[in-house]
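Please keep the sequence and the 3D view open while reading.

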Amino acid sequence: MIYINGQIHTMMEHAEVCSAMIVRDQIIIETGTTEQILKLQQQGEQIIDLQKNCVVPGFNDSHMHFICTGLCADEVKLHNAKSIQEIQNECQKYLLQNGDCTHISGTGWSEQIIDSNVYPTKEDLDQVSTQIPIVISRICMHIGIANSAALQLYEAATGKILTKEQKQSGLIKENQLFELQGLLPQPSVDKLHKIILKQQAALNAVGITSVQSDDLFYVNAIQAYEKAQLNNELTVRVHLQRRFDRRATEGPFLTNGPLKFFADGSLGAKTAALEEPYLHSDSHGLMLFTDEELKQKLTQQSVVHAIGDAAISQVINIIHQLDPENANRSGIVHFQITTKEIIDKVAKRNILLHVQPVLLLSDHELLNERISSELQNTSYSWNSCLKQKIHLSFGTDAPIESFNPLLNIYAAVTRRSKIGVLNANECLSVEESVKCYTVEGAYAEFKENTKGKLQKGHVADFVVLEKDIFTINQEEIKDVRVLQTYVGGKKVFDLQK
Ligand SMILES: [Zn+2]
């Protein structure tokens with residue numbers, strides 16, 4: 001197949017733009033001018049006219065929860081709940097519509113949206129049901145509320161005793177919450193397989209061709225991915241960020257990635273671990289592991305969730321102690337609250353960062369409540385990272401945030417939230433942002449020689465955009481639509497259809 005008349009942003013070293021390329025057997029064989037490439041046409045080889053449209057490599061989301069994003073559509077969504085009553089109503093509605101359900105799991109509530117500014121409680125959920133377990137997690141997914149049945153399930157299944165306060169409030173945090181969610185009846189392989197097929201279509205529609213996905217809290221996730229792979233159904237390349245040391249059978253669309261750990265919680269839940277206490281509080285958040293414990297874990301390539309500066313420093317130190325050159329390419333996911341010293345250390349120690357610029361749009365207001373303005377000035381500092389040549393890749397943490405790459409690029413380029421711009425000197429260019437979404441994503445997967453650029457020898461994963469994001473007004477970037485998405489040279493999304 002030959003593609004001509006495009007504005008093909010190759011993402012090669014010097015930002016080369018070419019107009020044409022040849023794709024054979026899923027791989028880019030040659031790039032160049034339309035004239036040059038047409039000369040190489042083989043007999044019967046088809047030509048596609050890109051009609052001067054902007055083309056970029058397929059986006060690679062370097063940290064998201066692919067299956068969870070798909071499953072969330074099936075869960076009770078509480079993002080708009082303005083009162084405890086509304087939370088109860090949503091749960092009741094789910095019970096009525098799913099008469100045979102074995103449990104309710106919901107997500108999305110936030111005390112910042114609930115009028116009375118309080119957390120829901122065990123009592124509130126017991127009013128919905130005491131028969132089946134109910135667990136509803138806060139929008140950050142780091143804290144949740146359980147009803148009596150869920151608390152009983154936890155104690156019976158783990159043999160652990162919850163504290164009196166936990167039993168009273170139903171409030172469960174971090175690892176205990178993940179453990180509890182893991183005890184709820186698990187979706188079957190078939191159900192997850194269906195979710196994968198549905199969700200990948202949604203990802204292709206916004207130009208995503210690769211994901212680095214943390215899904216393994218679903219025990220059947222690996223089998224479901226393998227089933228889709230065996231049937232040749234995958235149209236997104238999935239690189240697993242693994243919570244357990246289990247591995248999938250690999251293929252061109254399914255590979256095993258780093259182990260995934262959590263070093264702290266979230267800013268919203270005040271469980272991100274900070275050096276200085278939270279504003280108007282004496283709490284420093286929550287470190288989830290001691291240094292020794294973390295050392296036992298980070299023995300191979302790992303990505304570690306760390307949001308607060310205390311947790312980030314801990315992870316930097318442990319990675320450095322275990323792997324001084326960081327040959328494993330271990331990384332930190334989120335990397336939000338930082339100081340100049342931290343960024344210097346990350347650069348020196350060659351540690352990878354997996355960040356989510358889109359978070360800034362929702363966190364900006366919260367930052368003012370939680371963090372001093374001085375510390376804010378050195379946080380979410382991606383331009384400072386790039387200046388020091390740190391390997392910085394972009395993701396969205398979906399379903400926490402929208403998985404739309406154009407919105408994410410908009411956030412990185414403008415840093416403009418509802419309440420204004422956070423540190424304008426940390427804005428990135430469109431070129432830099434696209435690189436973080438493509439080249440750097442591939443680097444984190446050890447695939448920089450075969451993926452992430454539109455050059456000879458790379459897989460033909462690319463996206464045709466309706467507007468040229470490199471030249472339009474930055475405000476427009478978030479609304480730009482994808483015209484077509486190609487994976488391995490195969491068209492997997494077309495806006496016209
Ligand atoms: Zn995540």
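The sections below go from the whole chain to the sheet, a hairpin, a helix pair and some backbone details.

## Overall dimensions

The model is predicted. Its chain has 497 residues and a radius of gyration of 23 Å, which agrees with the value near 23 Å for a compact globule. The C-alpha trace spans about 75 × 50 × 40 Å along the principal axes.

The secondary structure consists of 18 helices and 25 strands. Buried residues account for 51% of the chain. Of the contacts between residues at least 6 apart in sequence, 70% join residues that are at least 24 apart.

## The eight-stranded sheet

An open sheet is built from eight strands with parallel pairing, and its order is E8-E14-E15-E16-E17-E18-E19-E20. At its edges are E8 (residues 59-64) and E20 (residues 392-394), each of which pairs on one side only. Neighbouring strands are turned against each other by 25° on average, with direction ignored.

One pair within this order can be followed at residue level. E14 (residues 208-213) and E15 (residues 237-242) are joined in the parallel sense by four bridges. Ser213 has Leu240 in E15 as its bridge partner.

Strands E4 (residues 20-24) and E5 (residues 27-32) run antiparallel and are joined by five bridges. Ile22 stands opposite Glu30 in E5. The two strands form a hairpin with two residues between them. One feature of the turn is Asp25, whose phi is positive at about 50°.

## Helices H5 and H7

Two packed helices are described by the angle between their axes and the distance between the axes. For H5 (residues 148-158) and H7 (residues 174-183), the axes come within 10 Å and cross at roughly 90°. The two helices are therefore roughly perpendicular to each other.

On the H5 side, the contact involves Ala150, Leu153, Tyr154, Ala157 and Thr158. These meet Glu179, Leu180 and Leu183 in H7. By residue type, the contact comprises six nonpolar residues, one polar residue and one charged residue.

## Backbone details in loops

The peptide bond between Ala398 and Pro399 is cis, with omega near 15°. Pro399 belongs to the loop between E20 and helix H16 (residues 405-414).

Tyr380 is not a glycine, yet its phi is positive, at about 50°. The residue sits in the loop between helix H14 (residues 373-376) and helix H15 (residues 382-387). Tyr380 counts as buried because it has 27 C-beta neighbours inside 10 Å. Arg415, likewise a residue other than glycine, has a positive phi near 50°. Its place is the loop between H16 and strand E21 (residues 416-417). Arg415 has 23 C-beta neighbours inside 10 Å and therefore counts as buried.

Note on methods
Residues numbered from 1 in each chain as written. Predicted model: local features only at pLDDT ≥ 70, side-chain atom pairs only at ≥ 80, totals over all residues. Axes fitted to C-alpha atoms, helices over the stretch in contact; angles between N-to-C directions. Parallel < 35°, antiparallel > 145°, perpendicular 65-115°, else oblique. Contact = placed C-beta atoms within 7 Å. Nonpolar A, V, L, I, M, F, W, Y, C, P; charged D, E, K, R; others polar. Pairing = 2+ DSSP bridges. Rg over C-alpha atoms; globule rule 2.2 N^0.38 Å. Buried ≥ 20, exposed ≤ 12 C-beta atoms within 10 Å, placed from the backbone.
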